[in-house]
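These are my notebook entries on one protein chain. I set down what I looked up, entry by entry.

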Amino acid sequence: SVPNRFVANTPEEASAQFKKLGGGTSCDVVIKAQVLSGGRGLGTFKNGFKGGVHMVTKEEDARDMAEKMLGEELVTKQNKDGIICNKVYLMERIYMRRELYLSILMDRGSGGPLLVASPFGGTSIEDVAASNPDAIFQLPISADATEIPSSTTAEMAQNLGFDEDHVGYDKIQTLMKNLYKMFIDLDCTQAELNPVAETPEGDVVVCDAKVNFDGNAEFRQSEIFARRDLTQEDPREVEASKYDLNYIGLDGNIGCMVNGAGLAMSTMDIITLKGGSPANFLDVGGGATETQVQKAFEILNADPKVQAILVNIFGGIMRCDVIAAGIINAAKEIGMKKPIVIRLQGTNVDAAKQLIEGCGFRMILAEDLEDAAAKAVGVADIARQANELHLGVKFEGFGL
């Protein structure tokens, strides 16, 4: 089962929903910042208000809490730059005998879904894994299983402390089976329930959840994907997805543009080994067009954290001259002002180098990845030190 709950978009709605829940009379109410981030309870809003999860016992408190949360950015350990809170979630308080953790995720190691559970829920599962790894139980499920086997749910129920004569023994197994059905039917990659509460009466109640869906299944899960809230995502990643670019923002200062996920990971690794820090993962794929390459550079150029850009292309399916043309178009149209280090190898590499040498913009060419990474780290460090000292530094051809 799940608690009674409502979503509110305004302080006035929060006040009304508090009354609907019977707050202050039949139950206490919990109000949560409805943001896509873990660690909300320990987060801090940029307006100074502490905590994204609070207990409220009065109608005016519900309104006041909502007013302090809505329209403000919540900084958590998962979102250090803050994430906007556009909605708050009000639910009845559940009195718990204990808190459990339960999830299903796709596991590369076992080649299928993996049932994961712990009798210590209510906190980050990563923290439990670090402090008490023996308290985390994992059971693989066959990739072609249409339902989770009863033997699997029975074993996991006992791992969680539900013996056969326990009032919650059948309830926790029913929850596992329902969770697996949802996981399969909705093309999930992860479905995490934390905490699952066991009440003093022996009921099993899901108090919070996080669900991830396979983006490749959007064509058959249109109803789910129609609910996507782009305000909760990195705007750079949203913009990149419009052009079929695989982009993930990171915290470093060297922007990366690479073709192929494996090569992208290797590029980030060698940047780190050379003493630098990647600002992103960006895979343009094997069939990128000039337009996609130009958009990739627009995203990198607009990122204030990026102080140098490293392009690492191994042209097999991807032609090096297409990459070069996209870079040059971006430099002409948006005025690239950040130093670019380029390593190109493979199909049409000579034509690409001719384009770059004759484009009128100075770009740093490298013969191999190690040389490219060293040069990118070097120019990024120069730019970083200049910014810290408030000095103007000009990289020839880029107006920096």
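Is Met-55 buried, partly exposed or exposed? I found Met-55 to be partly exposed, with a relative accessible area of 38%. The scale I used calls a residue buried under 20% relative accessible area, exposed over 50% and partly exposed in between, with a 1.4 Å probe and protein chains only.

Entry on sources. I note that this is a predicted model, in which local features need pLDDT of at least 70 and side-chain atom pairs count only at pLDDT 80 or more, while totals for chains, interfaces and linings use all residues. Residues are numbered from 1 along each chain as its sequence is written, and side-chain values use heavy atoms, with hydrogens and water left out.

Entry on Met-55. I located Met-55 in strand E4; helices (H or I, at least four residues) and strands (E, at least two) are DSSP runs, numbered from the N terminus. Leaving aside neighbours within four places in sequence, I listed Asp-28, Val-29, Val-30 and Arg-93 as its contacts, where contact means heavy atoms within 4.5 Å. From Met-55 to Cys-320 I recorded 265 residues in sequence and 58 Å in space, C-alpha to C-alpha.

Entry on Ser-1. I found Ser-1 in the segment before strand E1 (5-8). Ser-1 is exposed, with a relative accessible area of 60%. Not counting residues up to four places away in sequence, Ser-1 touches Val-204, Val-205 and Val-206. Ser-1 and Gly-360 lie 359 residues apart in sequence and 66 Å apart in space, C-alpha to C-alpha.

Entry on helix H2. Which residues of H2 (residues 59-69) are buried? I noted Ala-62, Met-65, Ala-66 and Met-69. They lie on the same side of H2 because they cover an arc of only 100 degrees around the axis, taken from the directions from the helix axis to the C-beta atoms. The buried residues of H2 pack against helix H1 (11-20) and against strands E2 (29-33), E3 (44-45), E4 (53-56) and E7 (88-92). Just after H2, I saw that Gly-71 takes a positive phi of about 80 degrees.

Entry on cores. I took a nonpolar core to be a set of buried Ala, Val, Leu, Ile, Met, Phe, Trp, Tyr and Cys residues joined through side-chain atoms within 4.5 Å. The largest has 35 residues, and those with the most contacts inside it are Met-257, Phe-297, Val-311, Ile-323, Ile-327 and Leu-344. Helix H9 (290-302), strand E17 (308-315), helix H10 (320-334), strand E18 (340-346) and helix H11 (349-357) each give two or more residues to this core. H10 provides the largest share, eight residues. A second, separate core of 27 residues includes Leu-102, Ala-117, Ala-145 and Val-206.

Entry on cysteines. How many disulfides does a search of the whole structure find? I recorded zero, counting a pair of cysteine sulfur atoms within 2.5 Å as a disulfide. The sulfur of Cys-27 is 13 Å from the closest cysteine sulfur, in Cys-207, and therefore too far for a bond. For Cys-359 the closest cysteine sulfur is in Cys-320, at 15 Å, also too far for a bond. Cys-27 is buried, with a relative accessible area of 14%. Cys-359 is buried, with a relative accessible area of 14%.
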